Amino acid sequence: MKIVRRVGASPRERGSASGQTCPDIFELSDGNFAVIGREATEELDPELPPDAARADYERIVVITRETLLRAKSDIPDA
């Protein structure tokens, strides 16, 4: 599995002063996506709706609204 491309604008394009430590989204060679975000599992796990669950090896991460909105046009429809 490898990173194929960034999805959306780079952190620098979104206004990060350093351009290095901000949320990011990447498309992977297997068609999945990887997300860099703030770890929030402990905070948000109790807030999950009854029909949602996560495995012990999964984590809840938060990305900014701007990160996702700027990626929207790069996310394939299928």
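Guide: The protein chain exposes about 5,900 Å², of which carbon and sulfur atoms supply 51%; accessible areas come from the Shrake-Rupley method with a 1.4 Å probe, and for residues only the protein chains shown count as cover. This is a predicted model, in which local features need pLDDT of at least 70 and side-chain atom pairs count only at pLDDT 80 or more, while totals for chains, interfaces and linings use all residues. Residues are numbered from 1 along each chain as its sequence is written, and side-chain values use heavy atoms, with hydrogens and water left out.

Visitor: What share of the 78 residues is buried?

Guide: Buried means under 20% relative accessible area, exposed over 50%, and partly exposed in between (1.4 Å probe, protein chains only). In the protein chain, 23% of the 78 residues are buried.

Visitor: In what order do the elements of the protein chain run?

Guide: Helices (H or I, at least four residues) and strands (E, at least two) are DSSP runs, numbered from the N terminus. The chain has 2 helices and 5 strands, and from the N terminus on they run β-β-β-β-α-β-α.

Visitor: Which residues of β3 stand opposite Ile25 and Glu27?

Guide: Strand β2 (residues 24-28) and strand β3 (residues 33-36) pair in the antiparallel sense over 4 bridges. Ile25 stands opposite Val35, and the bridge partner of Glu27 is Phe33. The hairpin of β2 and β3 has 4 residues between the strands, and Gly31 takes a positive phi near 90° there.

Visitor: Which residues form a nonpolar patch on the surface with Phe33?

Guide: Patches are made of residues with over 30% relative accessible area and no salt bridge; like charges are joined within 9 Å, and nonpolar side chains (Val, Leu, Ile, Met, Phe, Trp, Tyr) within 5 Å. A salt bridge is a side-chain nitrogen of Lys or Arg within 4 Å of a carboxyl oxygen of Asp or Glu. Phe33 forms the patch with Leu68 and Ile75, and together they have about 250 Å² of accessible area. Leu68 lies in helix α2 (residues 65-71) and is partly exposed, at a relative accessible area of 45%.

How values were computed: Pairing = 2+ DSSP bridges.
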